[in-house]
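Dear colleague,

My findings on its interfaces follow it.

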Amino acid sequence: MATSLEINGRTVQVEATPDTPLLWVLREEVGLTGPKFGCGIGQCGACTVLANGAPVRSCSLPVSALSGMKITTIEGLGGTHPLQQAWVKLDVPQCGYCQTGQIMSAAALLASNPRPSDAEIDAAMDGNICRCGAYQRIHAAIREAAQATGQATGQPTAKSRA
Amino acid sequence: MNSHVDQAAARSGATRRDLVVGTALISGALLVGCSPADLMSAGAKTEVGAFGPFIRIAADGAVTVVSKHIEFGQGSHAGLAAIVAEELDADWSRVSVEQSPANSKLYANTLMGVQGTGGSTAIANSWMQLRKAGAAARAMFTGAAAAAWKVPEAEITVKDGVVSHVASGKSAGFGDLIQGAAAIKPPAEPRLKSPEAFTLIGTDRVRRKDSLAKSTGQARYTQDVNLEGMLTAVVAHAPRFGAKVRGFDATEARKVAGVVDVIQIPTGVAVVAKSTWAAIQGRNVLKVTWDESKAEGRGSAELEAQYTDWAAGKGTLPDKLKWESFESRGDAAAAGDGEVFEATFDFPFLAHASMEPMNCVAQVGGKGGTKLTVASQSQTIDQINTARIVGALPGSIQIETLFAGGSFGRRANFQSDFVAECVQIAKKVGKGTPVKLVWTREDDMEAGYFRPLTHHRVRVRLDKDGYPAAWTHRVVTQSLMKGSPLAPKGFDATTVEGAMGSPYLKATPAVDGQVLMPENGVPVLWWRSVGATHTAYVMEHTLDHLAKKAGRDPVAYRLALFEKAGAARHIAVLKLAAEKAGWDKPAPAGVTRGVAVHECFGSVVAQIAEVRLVDGNPKVGRVVTAIDCGTAISPDQIAAQMEGGTCFGLSAALHDEMIIKAGAVDRKNFDAYPVLRHSEAPKVETYILPSTNPPSGAGEPGVPVIAPAVANAVLAATGKGAFRLPMIRA
Ligand code: FES
Ligand code: FES
């Protein structure tokens, strides 16, 4: 009873039992260890990936619920995503364990809201714990990436003007 | 047992005498004083190249700095590499960092005598060692160039990895000269740069080397290890501290697809499977019965009530438990007519709750000997504890140290608890099969090793000028060192550091400070900034109450006491923070400011926090931080540590609270154990005091000041003190 998923643009048949959380399928069957295990109950965000563009906690979703969906992990961002560039520029990571999840949450935010306000960043990022406390730089890097993207498109959104 | 040891010895090629030495070490020779590192490295095989154990240079001139310290967020890898690069005059963009193997002789922490990272010492203990290593390698290149070009060595310069002789116009990269350089004997006492000559240290060019890997998912943590044929283990642990397995029924667990074995080990029952999920599923249906006859039955509430009584002089102390004096002079109990401040302070158990729950990969019984792949914070201790289980020489235990997803002290454990647990399982599985032990968040929380629940009782009498005349201080807390090979004879200073030796006590004519260190079944451990996690709070919050009674400004009051105590560094950081925060100017509307200053791990930090009350709870905005940490290697990473340390301390100030009920952990995951989140993070500004003193700590000193600074801001706003942390109770 294989489940078919599209992971980072590639169609993958996974063999895991349908109740297996997506996180363990990604990490141990597909070999994508970017998404991390932090809490297993949807509380910390370390396992965040995108499912059809929306940020989801892969530790809490059985793989069967995602059949046919497009899954994007940190590995699928390519390494030069504006957020990743900003993360490197500002030396955001400390231990780094939470950072792939942080970046995926931020990527979902910027995809739907390219020029978020501080409050919008707070709201989008509150599900991602960083025990090292790199929040200040995470926040700054999201702003930095938003600005870089904004300059590229020159299109501030109605939201950010408001 | 003996024959088993002998077999293991035969496999590892150790002689009986070696084993006797090893066993002696294992039984606590950390204290032998001479050179335990030599003994504990017996059996180690580490290749060292021409440039010594810390530096490798490739044929293309690229420099690799070997870090003996783990990187768990604190930025030590970049800092250590910068020290080498500075003295070597390497091209920083072509310097990379590699983690050293475990070898207590080559890679001991010079302040600990064993290989290990902690106490914010990574940079401090490596400072002279790595400067010399870098300078020696540089001398080998200048010597090689002088010989090759037949010019005086004194005329040769090195910059960014290029060796030059200006007069003859000759120049070459490290790679071109490598053979000649490698043949030169490294000078024992190479010439070091004077601080004015530093071109890399102290600049913003010293940045992390791992940000890209950590932003792309490529950085490798223990959780990511996937070795050929690896099995994953999850362990059913005792529900109460001190309980033991009575029996178990694995019938259902064994039926779960992917479960390979169910094994009893000293700490519980392990379900070994082909995947993590299968192991977790297996454990879910495993039936274990526990012998709780020796289990701890008390909880946080009982302990706190007991500690409070003892500190107030009520109730009788158990046998052998007695108050120990940590600071005493004059007659602190004498009457006087000044005002008196009296308070008690309560601090809960705290979990480290690093983002990566504890885990370990071990291989035992294979041809290559015992191997650990783990984020080891104290390699030597992990080697000793592993050696004890498998029956081998400590030095023969190989450890590949990986990045850690945080530690905050959790991984430096005298029992090597999670490492030992993994080794026990791997030993039973045998044949060198890699076994990954995975702890879920719940396992991690339930394992304990918490910052101890702590009670303080303080009574301060002021003199006629409003300064402390007599200070009585009682602390009740578990010892972190008791039962460890490093346990001190008298009291354990980690319980009172920060109160003991405080400039405020120094400035007080009569002092009576005592500590009581009761034992209970809850395992405790250092938690980022250790004793200062509670002492700084008590001292600094008390200070604002005293200033208030004296009718003095909290900054001016502190400066006066620092003056009396001759605490020049405290004065300097406090003045810097006050100036940058605009302490003399009114705070923005709705905001109050709070100040705190504390010295720990050789560094002094002053913070001024701007706080607003939202629904009665403190919301922290700007936090101005001034630090004196000696020579600043990487100002950017020191700032990062101040930012992160402030969040870590603020999390404990506002939210963190581990509750034990009847010997069992009551809060097992982030739903029940709230921690600081993004929207609550303050904006930390960091100012570093210029200094040419040797570098001191940065990883921990940023933690303890924020809680009292916030409490003092709340006191200023409401007139009410906060005598219990966390301030917001879940
Ligand atoms: S691991 Fe999924 S939210 Fe924590
Ligand atoms: S960088 Fe360590 S948890 Fe976020």
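How many residue pairs are in polar contact across the interface of domain 1 of chain A and domain 2 of chain A? The rule finds five, both residues being at pLDDT 80 or more; a polar contact is a pair of N or O atoms within 3.5 Å, one able to donate a hydrogen and the other to accept it, and residues adjacent in sequence count only if both atoms are side-chain atoms.

This is a predicted model, in which local features need pLDDT of at least 70 and side-chain atom pairs count only at pLDDT 80 or more, whereas totals for chains, interfaces and linings use all residues. Residues are numbered from 1 along each chain as its sequence is written, chains are lettered from A and ligands numbered from 1 in the order in which they are written, and side-chain values use heavy atoms, without hydrogens and water.

Within chain A, an automatic or database assignment gives domain 1 (3-76) and domain 2 (79-148). Between these domains about 1100 Å² is buried, 61% of it on carbon and sulfur atoms; buried area is the accessible area (1.4 Å probe) that two parts lose on being put together, summed over both. The count of salt bridges between them is zero (side-chain nitrogen of Lys or Arg within 4 Å of a carboxyl oxygen of Asp or Glu).

Chain B and chain A bury about 4400 Å², with 53% from carbon and sulfur atoms. B:Trp277, B:Met355 and B:His678 lose the most area in chain B, together 20% of what that side buries. Six salt bridges cross this interface; one of them joins A:Asp91 to B:Arg207, with the closest N and O atoms 2.8 Å apart.

With kind regards
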